[in-house]
Structures are given as structure tokens and as C-alpha cells.
Amino acid sequence: QELECCPAGSSFYSVRELTDKYKCHRRILDAALEALEQQTLISRLPRVGIFSNMESKQCKRRVLVVLPDWPGEVIREWWDCAQDFARNHPNWILHKTLIPVDQRIDTLNLSGYDCAIIHIPDARITIEDMGHISKWQIPAVFFNVAAGSIQINNVGSDDSGGSMQACKYLFDHGHRKTAVLVGEPHTFTTMERLISYRQAAQLLGMKTVV
């Protein structure tokens, strides 16, 4: 089934990735790969990798998209972009679920999905969260979480740097008294932007009203 989603000639999982994915002994995996090679379903090149010889079928990817249950413009725009991508990739089937602002990721139900794209309301990942994530059976990519040194699949923006650049831009254009409008909910990233803006304004001698 995995090979059916790999067009002929494309790179397949590495031996290490297969071992991690199926939690099997190396000897069992080698036997399975040898059987696939004898059936000419794969080709193995030493020190290069494993390659599929199968003609790809249209493999449906059931993708869970988790978004904050908050009617923000950025959240709506993000979902629209995901839908646009899915329309151009018919084998992607998106399922949206909304997560309340005060809900943690340990309550997410990932069964029945092939992968997940997750935008949690509070951008902080805790040690307890990592314990739950490590038990997930599917790959997941997070959107804009503050993971620190924790290794996690994460696509993010620099909230602190962005607000400092905004402050510097206003300063360079002659503004010395500025207002900061803070939206709700008051999540980690929202507060991070505010704190960084205030710090930049203080360094530049600007007055800030929130």
C-alpha cells in the first residue's frame, strides 16, 4: 500500500525510516524488502536508497487540519490556502476540526487520518504535549509553535522580529508616539509580539499606548 503511493522511479522510505515506522526487527524488514525486490516492485541501490518500480495509483491522503476555534482573518486565510492546495491535488482530502482556545492537543483524535497539520491556539509546546505527540502513529506538522530546542515538525513566523521591524519602520518615518492594537485571544504569540514591540519602542525612546 505504501508503494502504491510512490510513482515508479521515486525514492521510497529508507531502512531506518521503515524500522521506525513499523517498529519491526531489522531481519524482518530485510526479508520483506528482499521479497519486494524479487517481485521487481522495488530496486535497492547500495548507499543510495530504495526506489519504487510500481505504477502509482491515485492514493487518497486523508489530512486532518486543526485550527483554533476563533474567527480571525489569518485563520480563515490559512484555511482558504489549504483548500486551494487540495483543489490542485485531488488525492488530498482535507478534514477541518476546530480546537477551543483553552484546549490542549492531548484531546485530539487522529484516528483514520494519514497525517495532520496543526495550528494550536497557544503556541507553547509542553513536555506533556511532547509525550502525547511521541505516541502518534501519523506524521504531523505544526504551524507557528514555540518549541524552543525541542525537535518538532514546525513551520513558523518570527513574531518577535516582525513586531520589532514594524516599530523600527515607524521610527524611521518620524513617529515617536504609537498605538498597539492587540486582538483576542491573548495567546502566547500575541503577547510575544506586544512584548517585543514595547521593548523596541523603549530602546528607540518611543511612547507606546496599548
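**Salt bridges on a predicted chain**

Okay, let's start with Lys 168: its relative accessibility is 39%, so it counts as partly exposed (buried is under 20% relative accessible area, exposed is over 50%, partly exposed is in between, with a 1.4 Å probe and protein chains only). Quick background: this is a predicted model, where local features need pLDDT of at least 70, side-chain atom pairs count only at pLDDT 80 or more, and totals for chains, interfaces and linings use all residues. Residues are numbered from 1 along each chain as its sequence is written, and side-chain values use heavy atoms, leaving out hydrogens and water.

So what does Lys 168 form a salt bridge with? With Asp 172, and the closest N and O atoms are 2.9 Å apart. A salt bridge here is a side-chain nitrogen of Lys or Arg within 4 Å of a carboxyl oxygen of Asp or Glu. Asp 172 is partly exposed too, at 48%. Both residues sit in helix H5, residues 159–172, and they are 4 residues apart, about one turn of the helix. Helices here are DSSP runs of H or I, at least four residues, and strands are E runs of at least two, numbered from the N terminus.

Now helix H3, residues 73–88: Asp 84 and Arg 87 are both in there, 3 residues apart. Their side chains meet in a salt bridge at 2.4 Å, N to O. Arg 87 is exposed at 56%, while Asp 84 is partly exposed at 38%.

Then there's Arg 44 with Glu 37, at 3.0 Å. How many salt bridges does the structure hold? It holds 7. And the whole chain comes to 6 helices and 9 strands.
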